[in-house]
Amino acid sequence: MLSTIHPIVKLAVCIAWLLAAMLVFDARFQLACILLPALALAILGPVSPLRLLVLSVPFALFGLGFLTTSLLFHRESDFALHVAREAAFASPAFSAGMTLFLRALACGAISMVFALTTDPDGMVRALMATFGLPPRIGYSLFAVMQLVPDLASEAQQMRLARAMKSGRPPRRIPGPFELFGLIVPLLAFAIRRAGRTAVAMEARGLSPDGPRTLMNAPRFRRRDWAFGLLAMGALATLMLLALRFPAP
């Protein structure tokens, strides 16, 4: 169901939730900003919980950096004293670091709501239809979205060809020297492909001036506004609760 929501409405809701997660420094609010998007993805996505956990690993590592920095390098940290007293979890530095850790996870969960349920093609069409995104930029983005998968396939073919030439099986993860050697051939492939795309667009009459018909652009529907109002209402309620009942 989330994938059918208008991309502009979903983008506005996610930006509002991200700003709130960055402004409200409350661990309970951050925890709610993790659980609600995760539940929305699991129920309305649908995205499997295992996939959510795997995708959350980079954000968890990022948050652990905040937690470690707060514990070890905070100017007023009394973590060492609390460790000595066997009460490390009651340390203010630990509380602040845990809130930052949860904030990183919350930003990741909110970002995943948009990234996992939004069609990039529909997003570009919505930007062109709603905000008047220039066709030059819009069609360039379309070309990039088609080029990236071909670029990965071309890189894999180059790796296989080089492995066959050297008489050894290709490595599962390419090394830095192998990656460096792929830069020039891939750049040449991208330039050649861009030139062909430009010629094809010009042959089809695409020019910067003149009227243009935009097909299959997402339209605003009642359920889009209902989703936006519900999400913003939930966010306002959580912020009021966090301000009304601050953490002790």
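This is a predicted model: local features need pLDDT of at least 70, side-chain atom pairs count only at pLDDT 80 or more; totals for chains, interfaces and linings use all residues.
**Stop 1: the whole chain.** Show the cartoon. There are 9 helices and 0 strands. Of the 248 residues, 31% count as buried. Now consider contacts with a separation of 6 or more: residues 24 or more positions apart account for 75% of them.

**Stop 2: the annotated spans.** Residues 52-73 are 100% helix, and the end C-alpha atoms lie 31 Å apart. Residues 94-116 are also 100% helix. There the end C-alpha atoms are 32 Å apart.

**Stop 3: K10.** Go to helix α1, residues 7-23, and pick K10. Which side chain of opposite charge is nearest to K10? It is D224, 8.3 Å away. K10 is buried and has no salt bridge; the cut-off for one is 4 Å, nitrogen to carboxyl oxygen. Next, show T118. Its side chain makes a polar contact with the side chain of K10 at 3.3 Å.

Stop 4: Select D26 and R28. They form a salt bridge, with the closest N and O atoms 3.1 Å apart. D26 is buried, with a relative accessible area of 6%. R28 counts as partly exposed because its relative accessibility is 43%. P246 and D26 are 220 residues apart in sequence, yet 7.7 Å apart in space, C-alpha to C-alpha. P246 counts as exposed, at 55% relative accessibility.

**Stop 5: α7 against α8.** A search of the whole structure finds 5 salt bridges. R193 sits in helix α8 (residues 176-203) and D150 in helix α7 (residues 135-166), 43 residues apart. R193 is partly exposed at 23%, and D150 is partly exposed at 30%.

Move on to R159 and E178. Their salt bridge has its closest N and O atoms 2.8 Å apart. R159 lies in α7 and E178 in α8, so the pair ties together parts 19 residues apart in sequence. Are R159 and E178 buried or exposed? Both are buried.

Technical notes: Residues are numbered from 1 along each chain as its sequence is written. Side-chain values use heavy atoms; hydrogens and water are left out. Helices (H or I, at least four residues) and strands (E, at least two) are DSSP runs, numbered from the N terminus. Buried means under 20% relative accessible area, exposed over 50%, partly exposed in between (1.4 Å probe, protein chains only). Lys and Arg count as positive and Asp and Glu as negative; His and the chain ends are not counted. A polar contact is a pair of N or O atoms within 3.5 Å; within protein, one must be able to donate a hydrogen and the other to accept it, and residues adjacent in sequence count only if both atoms are side-chain atoms. Contact means heavy atoms within 4.5 Å.
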